[in-house]
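Open the model in your viewer and keep the selection panel at hand.

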Amino acid sequence: AKVSLTGIKPSGEVHLGNLVGAIRPALRLAEQYDSLYFIADYHALTSIRDPELLRHYSRSVAASWLAAGLDPARTTFYVQSDVPEIFELNWILSCVTGKGLMNRAHAYKAARDRNIEAGEDPDVGVNMGLYNYPILMAVDILIMEADVVPVGKDQVQHVEYAADIAGSFNHLYGDSYSFKIPEAIIPESGSGDVLPGLDGRKMSKSYDNTIPLFLPENKLKKLVRRIPTDSTPVEEPKDPDSSAVFQILEQFAPDSAADVVADTRKRLQEGGMGWGELKNILFEVLNSELAPMREKYNAYMEPGSELDDVLARGAERARERASRVLSSVRKAIGVD
Ligand code: TYM
């Protein structure tokens, strides 16, 4: 079977964007693909320097996957740092990757641009982990020989980099071993764009504008109220597609709520629906979908839950796969 793989970085609580952009599409693919899911804890190390916090977020990302319906018996579910083969291949692939490619990576460029805008030295606060980030991500994908990588739109460049880096390696060593060339799969829901956050920009842990998946109900309600809206009066027509509240509703709503979404769109366009009512609708749709997941999440987060065993078994399976590929690579480059 073809292989699908995706990861989430434990640098904050898992949020609606992660669910819509990655978790749901990945779980759907698990029906046809051989699936691997992981917690990208060494990617989080570029920004999280508090060990307790890194531990907490790693557990929390794992519990979120399980609460969302990941079946550990039918998939390979592991923590990146439990697979040391990844870090050996990271060095090998960094030696076939052009520096110019890394200079053009979005996340690194964005960090530099923020510094330049602030009149600072461009590299202030930029560590080599951030710079090399795309190579480690390429390794995550290539070492498991993934065919497809379900991700949100913001990660597409990284998957293209993985394909590029695989191409460079194959060009040099393809007679002995060739990596599979991976392809990104982005969700079809809504505009196919990233889910907006509380301030209307992309919902992102690094912008601190997220709606975490497993907030208590009253906190969830409060956050939904904070999403910005304009001052169009209740009775006037509104453009659903330029409202962050509506976009979140449309992208998040499960198929069973398709009627609610269509009806809401119509009523906004006709006039007569105020932002307050729209926010109530969004809250109801979110909460009825998330409430059952929230209970499972809380159970997995209890100390002594089955979480640790599940991840230990996953690590074993992931290492088996990774070491097979790594030994072919070592042979191909001449260090066997
Ligand atoms: P991360 O942790 O930032 O996000 C995890 C997944 O959620 C998607 N996503 C979104 N989708 C739609 N709208 C949003 N607002 C939104 N925010 C996040 C992301 O696109 C991603 O699919 N570098 C990756 C983690 C990673 C990885 C990998 C992914 C490491 N190695 C190998 C795939 C394959 C990251 O930081 O994702």
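A crossing of two helices is left-handed if the near helix is turned anticlockwise from the far one by less than a right angle, and right-handed if clockwise. Helices (H or I, at least four residues) and strands (E, at least two) are DSSP runs, numbered from the N terminus. This is a predicted model, in which local features need pLDDT of at least 70, side-chain atom pairs count only at pLDDT 80 or more, and totals for chains, interfaces and linings use all residues. Residues are numbered from 1 along each chain as its sequence is written.

**Helices 9 and 12**

Select residues 217-226, which form helix 9, together with helix 12. Helix 9 passes helix 12 in a right-handed crossing. The angle between them is about 145 degrees and their axes are 10 Å apart (axes are lines fitted to C-alpha atoms, for helices over the stretch in contact, and angles run from 0 to 180 degrees between N-to-C directions). To see the contact (C-beta atoms, placed from the backbone, within 7 Å), show Glu217, Leu220, Lys221, Val224 and Arg225 of helix 9 with Lys279, Leu282, Phe283, Leu286 and Asn287 of helix 12. This contact has five nonpolar, one polar and four charged residues (Ala, Val, Leu, Ile, Met, Phe, Trp, Tyr, Cys and Pro count as nonpolar, Asp, Glu, Lys and Arg as charged, and the others, Gly among them, as polar).

**Helices 11 and 12**

Which residues of helix 11 meet helix 12? Val260, Thr264 and Leu268 do, against Leu278, Ile281 and Val285. Five of the contact residues are nonpolar, one is polar and none is charged.

**The two domains**

Colour 3-194 + 306-333 as domain 1 and 214-298 as domain 2; these bounds come from an automatic or database domain assignment. Their C-alpha centres lie 31 Å apart. Nine residues from domain 1 and eight residues from domain 2 make the contact. On the domain 1 side, helix 1 (16-29) and helix 3 (51-67) each supply at least two residues, and helix 3 gives the most, with four.

**The ligand**

Finally, select the 25 residues around the ligand (C-beta atom, placed from the backbone, within 6 Å of it). Gly17, Gly21, Ala22, Val151 and Gly152 come nearest. Helix 1 gives the most to this shell, with five residues. The shell divides into 11 nonpolar, 10 polar and four charged residues.

Terms used
Contact = placed C-beta atoms within 7 Å.
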